[in-house]
Amino acid sequence: MEGAISKQGGRLFENISSFVRQCIFSVLSVGPVPSHIAFIMDGNRRYSKKENLLDGDEHRAGFSALINMLRYCYELGVKYITVYAFSIDNFKRCPGEVESLMKLMQEKIDELIKEESIVNRLGIRIYFQGNLKLLSDPVRSAAERAMVKTASNSKAVLSVCVAYTSTHEIVHAVQESCEEKWDEIRKQDANNSVGNLIGLEENGKDKDEHLIGVTDVDRHMYMAVVPDPDIIIRTSGESRLSNFLLWQSAHCLLYSPTALWPEIELQIAKYQIAACRFHWSWSVVSDDPLDRLQYFVVDKE
């Protein structure tokens, strides 16, 4: 009986919180809303030391923060969310920690694709971006299942960068572009009466057509399925990109709140209040959406 009352109380509080957020977001959405926000989820281990948590609990807290952030972004009207979940460099950590993280990742991916999960309730499609071959078989299978099961969701997109670094993504895209161009040359060569590449070398136009360009590389990026981010947020006060979305971040804003990732919910609440207080002055700062967004994320204290 007490458990049922407690559960009902929790749902009531969640509904009230959701209503308050929607009221705040309805004010914020009068101005431009970023289409794509990317997060570097930094500070889990520091949060564990700060709160004296057991091993692994900090990552569970980080996952809870991610779920809340998905909800906030969805309610605000952000279409694309990208998170840096696990770098290729993270495989250099001690084997025990890596194994623990892989197990937790598999557990949380399976939770995300349950019918009643927030991903399916909100209609969020999931992509896992990176060198998935580096993942353990169970984690890779879970990631592939998640992408298949959410393929029909279309209201928002969550890209999870795992076994990922930007330099690897760029090298992979260049390799794919080279292979594509060579395939084109071979096909043209097969149809060439000369039967070799001499014709290509003598024809400057044909030669130029087979050069690799920026658009070719861009098309083969892992992140080509979503637009470039409008803003990258890295928690814990660090201002480094740490090999994340280097290709895609040339024109986006960078922001580093001091909150650790599991604490980001509290930090966001502060900015909601600040944004409401300064909404009207913020909305007339500039006609450029990025200028307005930059004004929004500045700490008003």
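**Entry 1: asparagine 243**

I started with asparagine 243 and listed what it is in contact with: leaving aside neighbours within four places in sequence, I found Tyr84, Tyr164, Thr165, Ser166 and Thr167. A reminder to myself before going on: this is a predicted model. I then looked up where asparagine 243 sits, and the place is the loop between strand S5 (231–234) and strand S6 (253–255). A polar atom of the asparagine 243 side chain lies 3.0 Å from the backbone nitrogen of threonine 167.

**Entry 2: the S5–S6 loop again**

I stayed in the loop between S5 and S6, where serine 236 is also found. I checked its backbone and noted a positive phi of about 80°, although serine 236 is not a glycine. Is serine 236 buried or exposed? It counts as buried, because its relative accessibility is 12% and the cut-off for buried is under 20%.

**Entry 3: serine 256**

Next I moved past S6 to serine 256, which is in the loop between S6 and helix H11 (264–277). Which residues does serine 256 touch, not counting those up to four places away in sequence? I wrote down Arg234, Gly237, Glu238 and Ser239. For arginine 234 I also took the spacing: serine 256 and arginine 234 are 22 residues apart in sequence, and their C-alpha atoms are 4.9 Å apart in space. For glutamate 238 I looked at the polar atoms, and the side chain of serine 256 reaches the backbone oxygen of glutamate 238 at 2.7 Å. Serine 256 has 26% relative accessibility, so I logged it as partly exposed.

**Entry 4: strand S4**

I turned to strand S4 (residues 156–164) and picked serine 159. Serine 159 is buried, with a relative accessible area of 1%. Its contacts, with residues up to four places away in sequence not counted, are Ile81, Thr82, Val83, Tyr127, Gln129, Met223 and Val226.

**Entry 5: leucine 134**

I found leucine 134 in the loop between strand S3 (124–129) and helix H6 (137–149). Why is leucine 134 not logged as buried? Its relative accessibility is 40%, so it counts as partly exposed. I also took its spacing to valine 162: 28 residues in sequence, and 9.4 Å in space from C-alpha to C-alpha.

**Entry 6: helices H2 and H3**

I then looked at how helix H2 (residues 44–51) packs with helix H3 (residues 57–76): the angle is about 115°, and the axes are 8 Å apart. H2 passes H3 in a right-handed crossing. On the H2 side, the contact is made by Asn44, Arg45, Tyr47 and Ser48, and on the H3 side by Glu58, His59, Ala61 and Gly62. I sorted these residues by type and got 2 nonpolar, 4 polar and 2 charged.

**Entry 7: the whole chain**

To finish, I stepped back to the chain, which has 13 helices and 6 strands. Of its 301 residues, 44% count as buried. Its accessible surface comes to about 16500 Å², and 54% of that belongs to carbon and sulfur atoms. Among contacts with a separation of 6 or more, residues 24 or more positions apart account for 77%.

Terms used: Residues numbered from 1 in each chain as written. Predicted model: local features only at pLDDT ≥ 70, side-chain atom pairs only at ≥ 80, totals over all residues. Heavy atoms only, no water. Axes fitted to C-alpha atoms, helices over the stretch in contact; angles between N-to-C directions. Helix = DSSP H or I, 4+ residues; strand = E, 2+ residues; numbered from the N terminus. Left-handed = near helix turned anticlockwise from the far one by under 90°. Contact = heavy atoms within 4.5 Å. Nonpolar A, V, L, I, M, F, W, Y, C, P; charged D, E, K, R; others polar. Polar contact = N/O pair within 3.5 Å; in protein donor to acceptor, adjacent residues only side chain to side chain. Buried < 20%, exposed > 50% of the residue type's maximum accessible area, 1.4 Å probe, protein only. Areas by Shrake-Rupley, 256 points an atom, 1.4 Å probe, with all protein chains shown as cover.
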